[in-house]
Amino acid sequence: MISYLISHPKDDNKEEKLLFDHLSNVARDCKQKVLSDALNLKLITREKLTDLVYDIGLLHDFGKSTIYFQKYIRDTQSSLVPEKYKQHSFISALISFFTIRAKYQNDLWAYLAFHIIFRHHGDLIDFDLAQDEKLYSKNIVRQQLDNICCKDQVVDFYKDNDLDIDIIEDIDFEEFEEFLEDTDFFISKNIDKEDEQIEFFLIASYLFSLLIEKDKADASRINEDSYFKGSAGEILCDVPDYINYLKKQNPIKFDPGNKVNRVRSEFFRNVIENEKIHPDNHIYTLTAPTGIGKTLTCLAFATALKNKINRNNTNIIYCLPFTSIIDQNYDVFEDVLKYKLKNKYEKRPTRYLLKHHHLSSKEVVNRTLHENQKYTDYLEDKLFVESWQSALIVTTFVQLFHSIFSNKNKNLKKFHNIVNSIIILDEVQNVDPDYYFLVNRIFKILAGRFNTYFLLMTATQPFIFNTKDSVELNPNETINEVFNRTEISVSLNKIDSEKFIGIFSQKYRVKNALVVMNTKSKAVELYEKLKEIYSDHTVYCLTNYLIPKDKKEMIKKVREQLNLNKKIILVSTQLIEAGVDLSFHDVFRDFAPLDSIIQVAGRCNRNSEFGVLGGKMYLVNFDNHSIYDKKSILTTERLLIDKQKITSNDFYNLSRGYYQCFEPGRKSKNLLSAIRELNFDTPRNDQIPVSDFTLIPQTAQINIHIFPDLNDQKIINKLFDTKQKLLTKTYHSDKEKDDLRIRLEQIKVELKQFQISLYENDLKSYKGLIKPEEEYKKNKYYPYLFIEHQNLKYDSNIGFRPKNIEEEIEDNFI
């Protein structure tokens, strides 16, 4: 006889969780978050939204009160309980629909609550369920409703919380099914304005995010953890004070008599003292040349804005387009925070600063003692990291955009912490122009109605927002006079590799040069030629043929060589464009879209060390630009066709002319159409479902792990060995089991340092050498495909070699 209800069983040192406690805790935590957020919604009042999210929290696990679930969770005859009877999400959603509909007298909010609860253990699905005949079984739901444990306790619990669930006695299935039949175009039938439809989409993401994160937190008993509490309300840094400290430490580098230093100081001061930095202004742009100090300036801006907002829940989210450049800016931010926070930072660093992308660790530093860490501790750390609880988050565009335009449970659990934050998009020109229209529409609603702040930062500002909707923090265009660092010679005549070598030999004049190609194969080809000709130089080849850890190491080596004024040539691809803090005298760039050309120019005379127009860049044309959007190429050709030379001073006007040519893209329109109807996962002719959004175009590439030396290869053996021990239960204690599970997760993160993406054609010569071969045949995206060290052609200077030796020798004779 079951006399009380539980939601989660006893686990490790944690007692079993009572169902009513769990429901009350989740409801309370959801409500507290909504109360702490500043919201200016049009569709629903703050008070009503607070009540709604509280009720959703109370109802989300109603289905756990059935006898079937209680037997399962207590492990009492659980093997006799059919899977379909212990499922609790649909019955909880069904009860919530009728209960909230009766309380609020509103179909819209009742149906939203239904979806959020129904999918809280999975991903959001299309709101149009008119044709879904397999949604549920009446017989199963009836049996579940007929077998509610402790029924009087359940009814009393909800009555005490102002919810009448007497409806369980007489659910009208026909009425519900009639309602579902009319859910095609449900949103547009109830909301007719585009801005309000977008608002409803964002409310859905917000409430879903709140529920799934608070549910997980309470289930794991970490909602009372104090590690992160109040972190967003603390003063993190004082950037001006830190800069003064740097000036005292290195007076020569920061000599105020240096003209460039004076301009940098003026730029910094003008930005942070801008009177338009105000809580009423939500969208900002910062357009300034590379090397002027935007990284520290944007942190100072965010701190100044945060102080003026004066709330205790404003996180700062700093985003970059590529993982390869995150470390250098993360290190800068860490130094600034350490200077201000001192021992407080050392004790709980992740409380204040988080690095989050697919290669980063999921550890919350110093939250638990390593020697006592359990697997549940690791999972708790992972939840904290992936839900962005830290005060300052350094992350990628992919992480941010795929948490806004998403139906995925794992992505959306951080969305509620994006709301009310300050978001910095550094090198924003890397966003696909086809998405500008979409970003404009969604970000304006996030800004105006969810009090989220945006700073779009770049040397080449795209036209995502007009001047009425945004504040430019650097209107002083004369600053470009001092940073007129580079002269670009433009040639659109088509050339081949032999002609390029002739151009390079003629133009290259000093000790260092950067060569940027559009494809990895062309970069490797030129690297081989230049290495042979310039034997007195160190020649590097930086492409995505290198595994991530080798890319990071190569950038470090190149920087060291440049600082020592060594003879160096770096051949690379567009991965060098955004934010990589390297400076060359001579730069050669294959023809590309204008924004890419200007970004590469940012690696030329970056620090003005060669004086005004001291950097020389040469734009060549291999007619090898199919990787880019055709319109971007044609627009750039039109802008440059009658120009033989341009300088850094021309970038501003050229960029304006370039971005004005882009109309709302098809992808923007089709995805926006899906957003307006809450079509999360159903492909239609005129819609791209939200689930299909991808910031970076997907290519037919295969993720594969490669190990340059025998020692590296040990990691894959550790993976399979650890998985085997867990599978066969080859451990002698719970502690050993926990250690194995933690180690397995850590190995998965480590493995990403050896993962690259390759085309099928790259792997032709490795036929039969890819392990495990049977998995490769079944599923090309199996996460642990690898090539053994002894079968791998990998050059530490180039990376993966697509061809075998015989093919290379044959090519040399052709």
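Rings of Phe, Tyr and Trp, the last by its six-membered ring, are taken as a pair if their centres lie within 6.5 Å. In this predicted model, that rule gives a count of 58 aromatic pairs.

**Aromatic pairs**

One of the pairs joins Tyr206 and Phe450. Planes over 60 degrees apart count as edge-to-face. The ring planes of Tyr206 and Phe450 stand at 70° with the centres 6.2 Å apart, so this pair is edge-to-face. It connects distant parts of the chain: Tyr206 belongs to helix H11 (residues 194-219) and Phe450 to helix H22 (residues 436-450), and 244 residues separate them. Tyr206 and Phe450 are both buried.

Tyr508 and Tyr534 also make an edge-to-face pair, with 5.7 Å from centre to centre and 80° between the planes. Here, too, distant parts of the chain are linked, at 26 residues apart. Tyr508 lies in the loop between helix H24 (497-507) and strand E11 (512-516), and Tyr534 lies in the loop between helix H25 (520-533) and strand E12 (538-542). Both tyrosines, Tyr508 and Tyr534, are buried.

**Charges over rings**

| Charged residue | Ring | Distance to ring centre |
|---|---|---|
| Lys31 | Tyr54 | 5.1 Å |
| Arg74 | Tyr4 | 4.8 Å |

**Helix packing**

Two packed helices are described by the angle between their axes and the distance between the axes.

H2 and helix H5 (residues 89-104) pack with their axes 10 Å apart, at an angle of about 150°. Angles over 145 degrees count as roughly antiparallel, which is therefore how H2 runs relative to H5. Their crossing is right-handed. On the H2 side the contact involves Lys48, Asp51, Leu52, Asp55, Ile56 and Leu59. On the H5 side it involves Ser92, Ile95, Ser96, Thr99, Ile100, Lys103 and Tyr104.

Helix H27 (residues 594-601) and H29 have axes that come within 10 Å and cross at roughly 155°. H27 and H29 are therefore also roughly antiparallel to each other. In this case H27 passes H29 in a left-handed crossing. H27 contributes Leu594, Asp595, Ile598 and Ala601, which meet Phe651, Leu654, Ser655, Tyr658 and Tyr659 of H29.

**Individual residues**

Asp650 is placed in the loop between strand E16 (645-647) and helix H29 (651-659). Its relative accessibility is 32%, so Asp650 counts as partly exposed. The C-alpha atom of Asp650 is 9.0 Å from that of Asn484, although the two residues are 166 apart along the chain.

Thr66 sits in the loop between helix H2 (46-59) and helix H3 (67-74). Buried means under 20% relative accessible area; Thr66, at 0% relative accessibility, therefore counts as buried. Leaving aside neighbours within four places in sequence, Thr66 is in contact with Tyr85, Ile91, Gln144, Asn147, Ile148 and Cys149. For Asn147, 81 residues from Thr66 along the chain, the C-alpha separation is 5.6 Å.

Asp29 is part of helix H1 (residues 19-36). With a relative accessible area of 10%, Asp29 is buried. Leaving aside neighbours within four places in sequence, Asp29 is in contact with Lys214 and Asn223.

Key: Residues are numbered from 1 along each chain as its sequence is written. This is a predicted model: local features need pLDDT of at least 70, side-chain atom pairs count only at pLDDT 80 or more; totals for chains, interfaces and linings use all residues. Side-chain values use heavy atoms; hydrogens and water are left out. Rings of Phe, Tyr and Trp (its six-membered ring) pair if their centres lie within 6.5 Å; planes under 30 degrees apart count as stacked, over 60 as edge-to-face and the rest as tilted. Helices (H or I, at least four residues) and strands (E, at least two) are DSSP runs, numbered from the N terminus. Buried means under 20% relative accessible area, exposed over 50%, partly exposed in between (1.4 Å probe, protein chains only). A charge sits over a ring if NZ of Lys or CZ of Arg is within 6 Å of the ring centre and within 35 degrees of the ring normal. Axes are lines fitted to C-alpha atoms, for helices over the stretch in contact, and angles run from 0 to 180 degrees between N-to-C directions. Angles under 35 degrees count as roughly parallel, over 145 as roughly antiparallel, 65 to 115 as roughly perpendicular and the rest as oblique. A crossing is left-handed if the near helix is turned anticlockwise from the far one by less than a right angle, and right-handed if clockwise. Contact means heavy atoms within 4.5 Å.
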